[in-house]
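I opened the file to look up a few things and kept notes as I went. The entries follow.

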Amino acid sequence: MTTSPAAQRGGASAIETVTLRSGHQRLSVLPGLGASIAAWDLEWRGAWTPLLRPWAGADDLYTTACFPLVPWSNRITEGGFMHKDLHYPVLQNRAGENYPIHGDGWLQAWRVAEQSDQHIVLALDSAQYDGDPYTYSATQTLTLNQDGLTIDLQVTNRGAEELPFGLGLHPYFPRNAETRLQSRADGVWLCGADPIPTGHTRDFPATFDYNRFAPVEFPIDGPLIDNCFTGWDGVSHIDYPDRGLRLSMQMENCTGYSLMYRPPGLDYFCLEPITHPIDAFHMPGRDGLVNLAPDASMRLLTHFIVSEI
């Protein structure tokens, strides 16, 4: 286990990187940069190979390998949400985005609460950050197992009133022309350019159906996917035939939602385990959101398992 400052592109300060090493795995995390992952690598066939897209070195979390989404995930419209006849405003929090996105935990510095060679616990106490209505504590525990990585994300409502909460992870996976994905679903929320859901369908658009292994469309790209899938069974498999590896993502207590971001022309894609769909705050029933009373908690437990193919 090592700790080192990493040069921050575009800034004069340094971002502390904490690196764990266990067996044939190496994990680097950035506590001060939204509890994000800088790199997760496997020593394989005589070299280190990235299992997540490596951090680009900038202070933008969209350039990291993975970051936690807390106390809600994805986008909220209408400037906030209603709960028990009260309106709770939520401000835009990222340049270029029309709506607030991904909660506020990713925008704050976390602290190292515990660490060893195999695991690290990152913690955050947030009190109505940037005018948000949420006061909460959160922990993200990252553990290197013999067969991969486990991320345990938990949040506790520390406010004085009940509020709806949600969780997610935002991992970036490398891809090339040989990469194949299987991620079962029974439908997808279609969206406009926002991309806010406009309607649900069980008829997948061309190249959206990953119920059977299919290419992740690189370098011959299909259309952009930035959509929430429904009926996910909590298990997805990514095959890298050129490396002889499979990376499986397993979400315990899955609520049936995943989000895929497949940008045309880039060498990565995102497959996000989430507890609720995009803009669930304004959907009938608010599927997947959990109303947490003061001092109540919720959890997202995800395993990333590496195997040979």
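Where is Gln-108 found? I traced the chain and found Gln-108 in the loop between strand 8 and strand 9. Strands here are DSSP runs of E of at least two residues, numbered from the N terminus.

Before going on, I noted that this is a predicted model, in which local features need pLDDT of at least 70, side-chain atom pairs count only at pLDDT 80 or more, and totals for chains, interfaces and linings use all residues. Residues are numbered from 1 along each chain as its sequence is written, and side-chain values use heavy atoms, with hydrogens and water left out.

**Entry: Gln-108.** Is Gln-108 buried or exposed? I looked up its relative accessible area, which is 11%, so Gln-108 is buried. Buried means under 20% relative accessible area, exposed over 50%, and partly exposed in between, with a 1.4 Å probe and protein chains only. I then listed its contacts, leaving aside neighbours within four places in sequence: Gly-32, Leu-33, Gly-34, Leu-124, Ser-126, Tyr-129 and Tyr-136. Contact means heavy atoms within 4.5 Å.

Entry: I checked strand 7 (residues 80-83) and strand 8 (residues 86-89), which run antiparallel and are joined by 4 bridges. Two strands pair if DSSP finds at least two bridges between them. Met-82 has His-87 in strand 8 as its bridge partner. The two strands form a hairpin with 2 residues between them, and Lys-84 in the turn has a positive phi of about 50°.

Entry: I followed 9 strands through an open sheet with antiparallel pairing, in the order 9-10-11-12-26-22-21-16-19. Strand 9 (111-115) and strand 19 (214-215) stand at the edges with a single partner strand each, so one side of each has no neighbour in the sheet. Within the sheet, strand 22 (residues 245-251) and strand 26 (residues 297-308) pair over 7 bridges. I found Met-249 opposite Phe-304 in strand 26.

**Entry: the cores.** Which residues touch the most other members of the largest nonpolar core? Of its 63 residues, they are Ile-37, Trp-40 and Phe-173. A nonpolar core is a set of buried Ala, Val, Leu, Ile, Met, Phe, Trp, Tyr and Cys residues joined through side-chain atoms within 4.5 Å. Not counting residues up to four places away in sequence, Phe-173 touches several residues, including Met-249 and Phe-304. A second, separate core has 14 residues, among them Ile-15, Tyr-62, Ile-101 and Trp-106.

**Entry: the largest pocket.** I looked up its volume, which is about 290 Å³. On a 1 Å grid over the protein atoms alone, a pocket is an open set of points with protein on both sides within 12 Å along at least five of seven lines, whereas a cavity is a set where a 1.4 Å probe fits but cannot get out; lining residues have an atom within 4 Å of a point. Grid points are joined across faces, edges and corners, and a volume is the space filled by probe spheres set on the points. Of the 20 lining residues, Tyr-62, Arg-75, Glu-97, Asp-226 and Tyr-261 are the closest to the centre of the pocket. Strand 20 gives the most to this lining, with 3 residues.

**Entry: the cavities.** How many cavities of 30 Å³ or more does a search of the whole structure find? I noted 2. Tyr-129, a contact of Gln-108, is one of the residues that line the second largest cavity.
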